[in-house]
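Visitor: I would like to go through this model with you, one question at a time. Could we begin with the surface and then turn to the helices and strands?

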Amino acid sequence: MANNDSTNDAQLPLAFTAAQQKGFKLFFSFDYAGNGAWAKATVKSMITTYGSKTEYFKRGSQPLVSAFEGVGSAGDWSEIKTATKCFFIPDWSSVGAYPAVSLANGVGDGLFSWDAWPKGDQEITTYPGASYHDALSGKPYIMPISPIDNPADYVQIISWNEYGESHYIGPLDDKQYEAFDSTHGRAPFNYVKNMAHDGWRAFLPFVISLFKTGTASFNKEGITAWYRLNPNYACNNGGTTGNTANQLQYEFLPEAILKNRIFYTALLGSSANVGGVGLYHGSVPIPSGVTGSVVIKLLRGSTVLATITGAPITKSCTVSPASGIALQNYNAWVGSALSTSTSGPYFSSISSSSVCVSGFGLYDFTGLCSFSCHNG
């Protein structure tokens, strides 16, 4: 929640009513970056008002509270915690795990990491997550859901409806497109329109069960796939960068980090052409210059288990209403399909005998990683 957002007072009662009716929990994450720092009195009042509700998520008997940034206000939280008895797990990723755990004499009861993406053209690694485990020394860790990280007490999906940053997994909702209007976000065009990401939720029940219990069952095999509709250099990049100097990051041209590939995840009950039981991730290159329709099939031998008919890859781009320039869309098109020819139940589990078979490392860890994975 952003400070002084005009929708907070109206929407919070509705959100908690919906949570009560549907049987799920909510907790507050105070955004100190969007509209600046929150007043201590406001934070205390909101936690006191809502923290005791049955539908508010608690760690033990304490209402769990988080914050997005606000490092400069870390000192406020000792008073807030005393007044509200909350359990505080902030995201202070801007300073890193080790400084964050010591802020305001260690006021955080744990830490949440926002470090879920690769940095520029570098492959993502487990090192950021490992730094949190080391710095926290057993305190709770909220892990951002990510292709690769370490075990955690909680996992948070970033994010449900962040349409402006293109990493939403919730359904499209044209009532939430402030990023694309002329008053708020002023994006050059709506790059979310007709770009549903629902397919990224297809296997969530499976992975949630696997994370929480170590085992999972499912009734339908299937596949999720995603790719960009405009290949690199199809149109003007509109000044888009990978990373941003505003966050003290080294900027890259998008073409330097984005690959013309179709990525997929298959959920399998038995071996198929792409892998074995459980989740299998992979990608295939889109040949240079190739455009047109996209059909993705999950096969077991010659038997088609599931088919995704995707949106076509094209060099025709959306024209910005403001500039009249045809601009590249870097958002992902996502689709999914479940098998109609096979049915479970299928079972999968995390095995203690699982070993590394492939990997990489940075700097002097490269040789060690290669040697370790080669020998299981």
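**Exposure, a helix and a sheet**

Guide: In this predicted model, Ala39 has a relative accessibility of 41% and therefore counts as partly exposed.

Visitor: Where does Ala39 lie, and how many Å separate its C-alpha atom from that of Thr213?

Guide: Ala39 belongs to the loop between strand S1 (28-31) and helix H2 (40-50). Along the chain, Ala39 and Thr213 are 174 residues apart, and the separation of their C-alpha atoms is 40 Å.

Visitor: Which residues of helix H6 are buried, and what arc do they cover around the axis?

Guide: Helix H6 spans residues 204-213, and its buried residues are Leu204, Phe206 and Leu210.

Visitor: Which exposed residues does the face of H6 turned away from its buried side carry?

Guide: The buried side of H6 packs against strands S8 (215-218), S10 (261-268), S11 (278-285) and S17 (346-349). After the helix comes Gly214, with a positive phi near 85°. The face turned away from the buried side carries the exposed residues Pro205, Lys212 and Thr213.

Visitor: Which residues cover the two faces of S6?

Guide: Both faces of strand S6 are covered, and the four residues concerned are all buried. On one side these are Tyr141 and Met143, and on the other they are Ile142 and Pro144.

Visitor: Which strands are at the edges of the open sheet, and which residue of S7 is the bridge partner of Met143?

Guide: The open sheet has three strands in the order S5-S6-S7, with parallel pairing, and its edge strands are S5 and S7, each of which pairs on one side only. Strand S5 (residues 111-112) pairs with S6 over two bridges, and there Phe112 stands opposite Ile142. S6 and S7 pair over three bridges, and the partner of Met143 in S7 is Val155.

Notes:
Residues are numbered from 1 along each chain as its sequence is written. This is a predicted model: local features need pLDDT of at least 70, side-chain atom pairs count only at pLDDT 80 or more; totals for chains, interfaces and linings use all residues. Side-chain values use heavy atoms; hydrogens and water are left out. Buried means under 20% relative accessible area, exposed over 50%, partly exposed in between (1.4 Å probe, protein chains only). Contact means heavy atoms within 4.5 Å. Two strands pair if DSSP finds at least two bridges between them.
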